[in-house]
There are 2 protein chains.
Amino acid sequence: MPLPEKALIAQIRRMVGPSIRGRNGGGNRAVLTGIGDDCAVLRLLAGKDSLVTTDFTLEGIHFRRDWHPPETVGHRCLARGLSDIAAMGGEPAAVFLSLALPRDLAQSWVGRFARSLISLAEKHGATVAGGDTAESPDGILADIIVVGTVPKGKAILRSGAKAGDRIYVSGELGGSAAAVVKMRAQRGGGRTKPRDYVRHFYPEPRVELGRVLREKGLASAMIDTSDGLSTDLAHICEESGVGAEIDSSLIPRACAGKPAREVDLDLAMHGGEDYELLFTAPHRKRIPRHIAGVAITQIGQITRSRGIFVRNPEGVGYELHPRGWEHFRK
Amino acid sequence: MPLPEKALIAQIRRMVGPSIRGRNGGGNRAVLTGIGDDCAVLRLLAGKDSLVTTDFTLEGIHFRRDWHPPETVGHRCLARGLSDIAAMGGEPAAVFLSLALPRDLAQSWVGRFARSLISLAEKHGATVAGGDTAESPDGILADIIVVGTVPKGKAILRSGAKAGDRIYVSGELGGSAAAVVKMRAQRGGGRTKPRDYVRHFYPEPRVELGRVLREKGLASAMIDTSDGLSTDLAHICEESGVGAEIDSSLIPRACAGKPAREVDLDLAMHGGEDYELLFTAPHRKRIPRHIAGVAITQIGQITRSRGIFVRNPEGVGYELHPRGWEHFRK
């Protein structure tokens, strides 16, 4: 393999080295052998199940180089994986990054991308323990793998929702999609500042919230809102064999932009990549209004009959169809 | 996300469904929850360390659609990961596939790719337990993740070679590179038949051999020959802080092509993707000539002084420099 890979490996090694040499204290003790062998060797605690999630971050699909500074790409790349761990009530342990880069990419891009990713990993107590590097045929291609743990049999699945359970969502919705709408309208993201659209550029995975919900046994089913409320609620309903009713006036809508304004209901309902947690809880469970510093809002309830119905403030009901989320396809 | 993904998920689910529903017997019991939740949930045996490896398979870099039938791409994609598990002396448990496909790719391509991959996984007792699907901006992009296990503290690392250890390699080398040379010369792989170059199109990862070497405590260091003997031996030397002397007349050269002929020494020395095991063993250990049905050949020994030296049949020595392996870049 030609030069770029070797330089890249050296660079990533230098950056993650200190956190990998965790055997002598520091770093994550789950990682016995990190970058530099055929496999990483992990020693996960006894009495735990392992969680594994993988997510692509592809240029032109999940981000655009002219819209997203490298720091935001690195952050969002890992946030996707950490959010999946959060949605199971798990704790992240090790991160693996497969990264394919075009020959002409500046080393500084990689440095800024990797530092941001590593910093988010460290914040959540996870170690970058390996991965793969390759030359890309076209564009920047990343695949992030996060390995986490959860006490045996305690993972919160999508399939546990029961008729009568209440439906809750953390934080606010639509803030990430609002940035996409803005950048599309501008035909270029140059004027869309990360600080005005933090939930898009630096989404905070709800790892601590997921852990607390699992420890206290509050959630019966859970998913993260990566594809948007309409799609992700449909996933819970499908896997649990139930339906849902939600009240559109209760959906917490994000404030974004400058000056900041509340996003349209449509964005809150269908916009993806907010990485909030959407969960259900038996109606007798008391759910606090804030958990781990994050607002929790009840938006509806699970029903026996299939389909998702929305009631608007006028009391008119209509069926909600998942619309998916298309990212940044040009 | 548009139609291709949904259809693809449905297709992969249908295919791997039977092996995932392993809870009621059958399949791999390590996988509690597979495709269809935010993460896969694995229950690995107590007393084991976990192994994790990730490898890209990118169109135009690792394969060419006009040279490689989909079955061979699926097989080679997973063989890369299984071979990394083998090189640690581990046993594969679960496989994750991240797959990004161009919009216009025929569903039949995906079916043939996935069936071949799943069949190789099953042969080695591993379950396809999840992954990610996305639309590709350009070409077929796959990332394979294999999770395996090894008894606590027993993983065979690259860093264990000591001066005086003998160097061994399994099978034969250069067979895979011979196919690449042929296809390049022909400017098109149509006439290069998989059955004439089996080690290239259907490499057999040496999982059983790796396991036996670990169980019997024979190997002090090990790696798989994915980048080629010269590069992979350099990795062992670098990680172990040693050097090596090899005898070029002892290197087992593959027979390939039609009519079959022995490959040139250069290919055996530098050609990649044979996925054999290269290992070292203390000189007092008796290494059988065949292990798990695979021929084992001693090719040299580890030295205290750095650098890798080759002695040819005329007794002339020269220093060997790793040349890497460039795959299929057009």
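How many bridges join β4(A) to β5(A), and in which direction do the two strands run? Eight bridges join them, and β4(A) and β5(A) run parallel. Two strands are taken to pair if DSSP finds at least two bridges between them. The elements themselves are DSSP runs numbered from the N terminus: helices are H or I runs of at least four residues, and strands are E runs of at least two.

The structure is a predicted model, in which local features need pLDDT of at least 70 and side-chain atom pairs count only at pLDDT 80 or more, whereas totals for chains, interfaces and linings use all residues. Residues are numbered from 1 along each chain as its sequence is written, and chains are lettered from A and ligands numbered from 1 in the order in which they are written.

The confidence of the prediction may be considered next. pLDDT is the predictor's confidence in each residue, from 0 to 100. Chain A averages a pLDDT of 89, with 88% of the residues scoring at least 70. Over residues 1-5 of chain A, however, the pLDDT is below 50, and this stretch has 10 contacts in the model beyond near neighbours in sequence. A contact requires that the C-beta atoms of two residues, placed from the backbone, lie within 7 Å. For the complex, the predictor gives an ipTM of 0.90 and a pTM of 0.92.

An open sheet of six strands with mixed pairing has the order β5(A)-β4(A)-β6(A)-β3(A)-β2(B)-β1(B). At its edges stand β5 (127-135) of chain A and β1 (31-33) of chain B, each with a single partner strand, so one side of each is left without a neighbour in the sheet. Neighbouring strands of this sheet are turned against each other by 25 degrees on average, direction ignored; the axes behind such angles are lines fitted to C-alpha atoms. Within the sheet, Ala94(A) has Thr127(A) in β5(A) as its bridge partner. β3 (residues 48-58) of chain A and β2(B) pair in the antiparallel sense over three bridges, and Leu51(A) has Val41(B) in β2(B) as its bridge partner.

The contact between the chains takes 55 residues from chain B and 55 residues from chain A. On the side of chain B that touches chain A, the largest share, nine residues, comes from β3(B). By class, this side has 27 nonpolar, 13 polar and 15 charged residues; Ala, Val, Leu, Ile, Met, Phe, Trp, Tyr, Cys and Pro count as nonpolar, Asp, Glu, Lys and Arg as charged, and the others, Gly among them, as polar. Because 100% of the interface residues of chain B are also interface residues in chain A, the copies meet through the same surface.

A rotation of 180 degrees with 0.0 Å of shift along its axis superposes chain B on chain A, with an RMSD of 0.0 Å. That is the relation of a two-fold axis. In chain B, the C-alpha nearest the axis belongs to Ala46(B), 3.1 Å from it. The superposition is by least squares on the C-alpha atoms of residues with pLDDT of at least 70 in both copies.

Definitions and conventions:
Axes fitted to C-alpha atoms, helices over the stretch in contact; angles between N-to-C directions.
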